[in-house]
Protein chains: 2
Amino acid sequence: MKAVMSIVKLADVKAARERISGIIKYTPVLQCSEADRLTGRQVYFKAEHLQSTGAFKIRGALNAVLKIKEQSHVQDIHPGVVTHSSGNHGQALARAAQVVGLPCTIIVPKGSPVCKTDAIKGYGAKLVECYPSPTSRVEAMEKVRAETGAVFISPYDHLDVIAGQGTIGLELLEQVPDVDAVLIAMSGGGLASGIAVAIKSLRPSCRIYLVAPPGKMMEQCLRSGEREWPNPPQFLDTIAESIRMQQAGFNTFNILKDLAEKEVFEMSNEEMIEGMKFTFHRMKQVIEAAAGAAVAALFTDKMASLPADIKKVGVIVCGGNVDITNLPWYDSFSKGY
Amino acid sequence: MKAVMSIVKLADVKAARERISGIIKYTPVLQCSEADRLTGRQVYFKAEHLQSTGAFKIRGALNAVLKIKEQSHVQDIHPGVVTHSSGNHGQALARAAQVVGLPCTIIVPKGSPVCKTDAIKGYGAKLVECYPSPTSRVEAMEKVRAETGAVFISPYDHLDVIAGQGTIGLELLEQVPDVDAVLIAMSGGGLASGIAVAIKSLRPSCRIYLVAPPGKMMEQCLRSGEREWPNPPQFLDTIAESIRMQQAGFNTFNILKDLAEKEVFEMSNEEMIEGMKFTFHRMKQVIEAAAGAAVAALFTDKMASLPADIKKVGVIVCGGNVDITNLPWYDSFSKGY
């Protein structure tokens, strides 16, 4: 089987699950008759917006810090962990480090919303500010790492993070054993590659479809098998701040190249908003734009054109961390669409 | 036991459950660590916003129409059912009648939102418009009843409706057998009285607390045991349109007089909005203002002053039918608070 050859293996995902299962939530799978009717398939929404900290990120972060803790011989002087992210991963790593009892530093771009920086501080992590660009945050992180000896936990490319996110795939296969396809929004690709390892190992016939903002170039890279993205790494112009990295990680790309379908769903801001509104209105669930992208992919012509033998479709509802006082359709209305 | 003496009996609620259980959803009970922390108790949210049609109302409506259907000897010429409500009960009765296969007429006030009237039409019911006042809608309903022979299904005072709503109490007692108190938003009182019958019959020590908009006068009426409300019946000035009736029904008041606690939680618009925002933000659940009222009651001084032996608190999240493009805190912001 292909999956066995990947840099993260099913055994790593299973080990991650052993490590984190007592702490994270086993999230439910939700159904919606209107989604089934509109797609002509059976849709299963894996509700990671109901996960602790409001997003899947706690799975990978917790797996990484628990593994560090296991491997530490002199735990009380461990230099701790560091990452760059004001968003879901930053909060998740801060929370994971707090649970495990490791020092934690989070690099956040200047101007990050106070609610996010407060949440990180609330978990007891140290905050360091940087200029808001993909390169500045890496530089700031390297500085902390050099000065303190802290271990860098990449938001998506750390092998233990990938394995941790993969636990969602194990759960989904228990909940929907005969799932035929899974839609996953991707940024760096940690979520998608982890789930792909778990699912393709255990159910090779299930297709993994990636969802991303326009300009992702992922389909082109998957088809050529090469990293065709421009450097330095760019942020995409999207309302879905949690999936704005253009480039996949090195590890995640290598995994997805083998395991994901070549067709990638690129979803506009308007489509993401429609996906969010569908989920708010029909399912009474609060989700963020990245999750809205995966939901909206269900209702595209591309989805409708997929083979009829794809009967059961899993959608990863990756998170619910949206500012409810600044929902995008209110902005949108005031801008006139 | 008190409950056994009420006009709706535990046996009626159990019979309702037999009737409707294959069709309605057994809704989950949600928990939220932040709610537990803030209240110092354990809170269990009974998620009726996840019920079919987005509110509890389908339970009572379905029980009523199924019982009519059972008792009909010549089913194919039954004149059907009628009610007045553009809101959750109107939609629920239309849906229930569609499921059961009975004709249905819904009286709606002129100017009702198209999304609501479309939903009613979508369930195959006939729409009749009336002037928007408590008395006009009764007159319009009486006219339909006289002309067609249709059976009036009151939104809250019909005994089979009360029994149907009571099935929530049976479920909650299975999910949280040692619940000490339940918070229930009330309008006409069908939901509250049905749940009170079920819970006080099976667990007399559990307290039933009512929640309503300001001006409800319910506490005063419960204390005197008299209907002290002015006539004709009035609508309260509240953002929670589904709980704007000032008067309780005659049957529901008789039940609640015996079974509910005398202290009533009166919640302002601002408090309801805070309850909604808490639920959106912390629990990722979309709920309507009436449900927000019950959630907000958790965080009041009155709640804090309740005896410490009230450890497990159930909150009935009655519905999620809010217009997500017109959330009240956006209106509120533009008005400056």
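Trainee: How many salt bridges does a search of the whole structure find over all chains?

Mentor: Over all chains, the search finds 32 salt bridges, each being a side-chain nitrogen of Lys or Arg within 4 Å of a carboxyl oxygen of Asp or Glu. The model is a predicted one, in which local features need pLDDT of at least 70 and side-chain atom pairs pLDDT 80 or more, while totals for chains, interfaces and linings use all residues; side-chain values use heavy atoms, without hydrogens or water. Residues are numbered from 1 along each chain as its sequence is written, with chains lettered from A and ligands numbered from 1 in the order in which they are written.

In chain A, E70(A) and R19(A) form a salt bridge with an N to O distance of 2.9 Å. This pair joins distant parts of the chain, since E70(A) lies in helix α3 (residues 57-71) and R19(A) in helix α1 (residues 10-20), 51 residues apart. Helices (H or I, at least four residues) and strands (E, at least two) are DSSP runs, numbered from the N terminus. E70(A) counts as exposed because its relative accessibility is 51%; exposed means over 50% relative accessible area, buried under 20%, and partly exposed in between (1.4 Å probe, protein chains only). Chain A also holds a network of salt bridges that links K46(A), E48(A), R59(A) and E171(A).

In chain B, K312(B) meets D178(B) in a salt bridge of 3.2 Å, N to O. Here too distant parts are linked: K312(B) belongs to strand β10 (residues 312-317), D178(B) to the loop between α7 (159-175) and β7 (181-185), and the two are 134 residues apart. D178(B), at 34% relative accessibility, is partly exposed. By contrast, R223(B) and E219(B), whose closest N and O atoms are 3.0 Å apart, are separated by about one helical turn, because they are four residues apart in helix α9 (residues 218-224).

Strand β10(B), which carries K312(B), pairs with β2(B) in the parallel sense over six bridges, pairing requiring at least two DSSP bridges between two strands. Strand β2(B) (residues 42-47) has five of its six residues buried, and strand β1(B) (residues 29-30) pairs with β2(B) in the antiparallel sense over two bridges.

Even so, 19 residues of chain B are in contact (heavy atoms within 4.5 Å) with 19 residues of chain A. The buried area, which is the accessible area (1.4 Å probe) lost by two parts on being put together and summed over both, is about 1600 Å², with carbon and sulfur atoms giving 64%. K284(B), I324(B) and Y330(B) lose the most area in chain B, together 45% of what that side buries. On the side of chain B that touches chain A, α11 (269-283) and α14 (328-335) each supply at least two residues, and α11(B) gives the largest share, four residues. All interface residues of chain B, 100%, are also interface residues in chain A, so the copies meet through the same surface.
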